[in-house]
Structures are given as C-alpha cells and as structure tokens.
Amino acid sequence: MKLILASASPRRRELLEKTGLSFSVMPAKGEERITKTIPSEVVMELSRQKAEEIAALQQEDCIIIGSDTIVAKGNEIMGKPKDAADACRMLESISDDCHQVYTGVTILRVGEKQECITFAEKTDVYLYPISGEDVQKYVASGDPMDKAGAYGIQGDFAIHVKGIEGDYYNVVGLPVGRVYQELKRLLG
C-alpha cells in the first residue's frame, strides 16, 4: 500500500522514517482555513485539510498522513512567526512558564477501502526563564522562523526546556508512536 506524507517538514519526514515504513513526500500547498478556536480542534482541522488535498490528487489506493502543529498558551494559538519581532514576542510570552504543543494527525485511506482517522496529541512544555539577550540570540540564528511557537525543542533551544509532560516527538512535530500504532491497526 502506497504511503504518502502530506508535509514538507524535514522533522516529520525524519520521525516517520523511524517507523521503517516506505513512504513518499507530497506536501500540501493549499491555503489553511481555520474555523475552530480550540487548539486540539484547530490542528485536527488543518491536518485533515492537508490529507484531503493530497487525497484528491490520487488515482490509486493509498494512505495519506496529514499533520499540523501549534503552540498554545492560554487562549493564544501560536503558529510560525511572521517575522523576527513576532518570534521575540512569542518566546517572551512562553518564557518561565508552561505552554501546550498540539499536533493534529489525519490518516486517510483512499481507494477501494476508505477510512479516516483524525486525532490530536497534547504535550505540556515547561521553560526556564529566558533572558532578553538569549531571546535575541536565538531569533538571530534563524532557527525559530519555520517553527510553531518560534522554537524547536530538538535544537539549540533545548537549553531553555525545564521539562515536558507527554510525547516528546509530538513537540518535534509528529507523535510517531501513535501514528505507527494507528497505521498498524489500519493495515492490520
């Protein structure tokens, strides 16, 4: 069965490779339409849009994985920063506090047998206080610009992480353990 990852994220690609399954990458390019306000519902909605966009292009039986990650603190949802100032604002707002990382995943089987599984994982992330100087230095590195919440837990930002509750790989961008279990059940 052909497996397609509907994401351009190199982190998601690396994580899906951990399953040992063969897959191709076909990033969704459509405009995201958000109609929800609850973080877990937002990421499920976006992951489904990505999977359905790629599914519409398929002419054979396959399974598509769509995924989206956001950072939330209280009612504020943080996607990728628009610019350096936005990245600084995001990092300052989550410094010395706890925030949540949500990843929504849609696994869509198309062809003769149709099935759709959509879920969201949540991980609490606790940070140490981050000085203004450290925020500026990290933003100047360019690393936060393509990441939800303006940071990547797996890179240089790790020095600011006090701890997590939940799936580490969810924070990186794909709860690969849960994805693998759902794929096994689907292909079972």
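This is a predicted model: local features need pLDDT of at least 70, side-chain atom pairs count only at pLDDT 80 or more; totals for chains, interfaces and linings use all residues.
At the start of helix H3, a side-chain oxygen of Asp83 comes to within 3.2 Å of the backbone nitrogen of Ala85. A polar atom of the Asp86 side chain lies 2.9 Å from the backbone nitrogen of Lys82. When residues up to four places away in sequence are not counted, Asp86 touches Lys80 and Pro81. With a relative accessible area of 8%, Asp86 falls under the 20% limit and therefore counts as buried.

Helix H3 (residues 84–94) and helix H4 (residues 132–140) pack at an angle of about 135 degrees, and their axes are 10 Å apart. Because angles over 145 degrees count as roughly antiparallel and those from 65 to 115 as roughly perpendicular, H3 and H4 are oblique to each other. The crossing in which H3 passes H4 is right-handed. On the H3 side, Ala84, Ala87, Cys88, Leu91 and Glu92 take part, and they meet Val135, Gln136, Tyr138 and Val139 of H4. By class, this contact has seven nonpolar residues, one polar residue and one charged residue.

Beyond the helix, the backbone itself deserves attention. Most residues other than glycine have a negative phi. Asp96, which follows H3, has a positive phi near 55 degrees, although Asp96 is not a glycine. Asp96 is found in the loop between H3 and E5. Its relative accessibility is 47%, so Asp96 counts as partly exposed.

Another positive phi is found at Ala150, with a value of about 70 degrees, although this residue is not a glycine either. Ala150 is located in the loop between H4 and strand E7 (161–165). Ala150 is buried, with a relative accessible area of 0%, whereas Asp96 is partly exposed.

Note on methods. Residues are numbered from 1 along each chain as its sequence is written. Side-chain values use heavy atoms; hydrogens and water are left out. Axes are lines fitted to C-alpha atoms, for helices over the stretch in contact, and angles run from 0 to 180 degrees between N-to-C directions. Helices (H or I, at least four residues) and strands (E, at least two) are DSSP runs, numbered from the N terminus. Angles under 35 degrees count as roughly parallel, over 145 as roughly antiparallel, 65 to 115 as roughly perpendicular and the rest as oblique. A crossing is left-handed if the near helix is turned anticlockwise from the far one by less than a right angle, and right-handed if clockwise. Contact means heavy atoms within 4.5 Å. Ala, Val, Leu, Ile, Met, Phe, Trp, Tyr, Cys and Pro count as nonpolar, Asp, Glu, Lys and Arg as charged, and the others, Gly among them, as polar. A polar contact is a pair of N or O atoms within 3.5 Å; within protein, one must be able to donate a hydrogen and the other to accept it, and residues adjacent in sequence count only if both atoms are side-chain atoms. Buried means under 20% relative accessible area, exposed over 50%, partly exposed in between (1.4 Å probe, protein chains only).
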